[in-house]
Amino acid sequence: MQKTKVLWIIVIVLLISNVFFAWMFISAKMSVRDLKTKASNQKVNADILNFTQLFMDKVLGGSKEVSFDDRLQLENAVRSLNDKQILESWQIFTKAKDSAEVQKDFYALFQLLLKKITP
């Protein structure tokens, strides 16, 4: 009788500890998934901001025509974002023919870049 009582107490303690550790594991797994998502968003934000800074420095801040090397650097930077909408907007911007179209396409590109930054 005494042995079965002790055995039942041990089984109950083990069962409760298993439930507790399973809950801790699931909680930790959800936290890791959330942190991975945030880290991914931060990388995307950093890439967008780096491209935007490069664009400002090379295109808007430059007093002369954009060189071939700068164009290539900008093209590579926009492609490395792996965002179809930004790439399409960039291609529309680079194909602009006159000043009014450049301004309109620049505004659209810049607005899209700002929208893509996630908090």
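At what angle do α2 and α3 pack, and how far apart are their axes?

Modeller: The model is predicted, so local features need pLDDT of at least 70 and side-chain atom pairs pLDDT 80 or more, whereas totals for chains, interfaces and linings use all residues. Residues are numbered from 1 along each chain as its sequence is written, and side-chain values use heavy atoms, without hydrogens or water.

Helices α2 and α3 (DSSP runs of H or I, at least four residues) pack at about 155 degrees, and their axes lie 8 Å apart. The axes are lines fitted to C-alpha atoms over the stretch in contact, with angles from 0 to 180 degrees between N-to-C directions. The two helices are therefore roughly antiparallel (over 145 degrees). Their contact (heavy atoms within 4.5 Å) joins L74, E75, V78 and R79 of α2 to I86, L87, W90 and Q91 of α3. By class, this contact of α2 with α3 holds 5 nonpolar, 1 polar and 2 charged residues; Ala, Val, Leu, Ile, Met, Phe, Trp, Tyr, Cys and Pro count as nonpolar, Asp, Glu, Lys and Arg as charged, and the others, Gly among them, as polar.

Helix α3 (residues 84-94) also meets helix α1 (residues 2-60): their axes come within 14 Å and cross at roughly 10 degrees. That angle makes α1 roughly parallel to α3 (under 35 degrees). On the α1 side the contact is made by I48, F51, F55 and V59, and on the α3 side by I86, W90 and F93. The residues of this contact of α1 with α3 comprise 7 nonpolar, no polar and no charged.

Key:
Angles under 35 degrees count as roughly parallel, over 145 as roughly antiparallel, 65 to 115 as roughly perpendicular and the rest as oblique.
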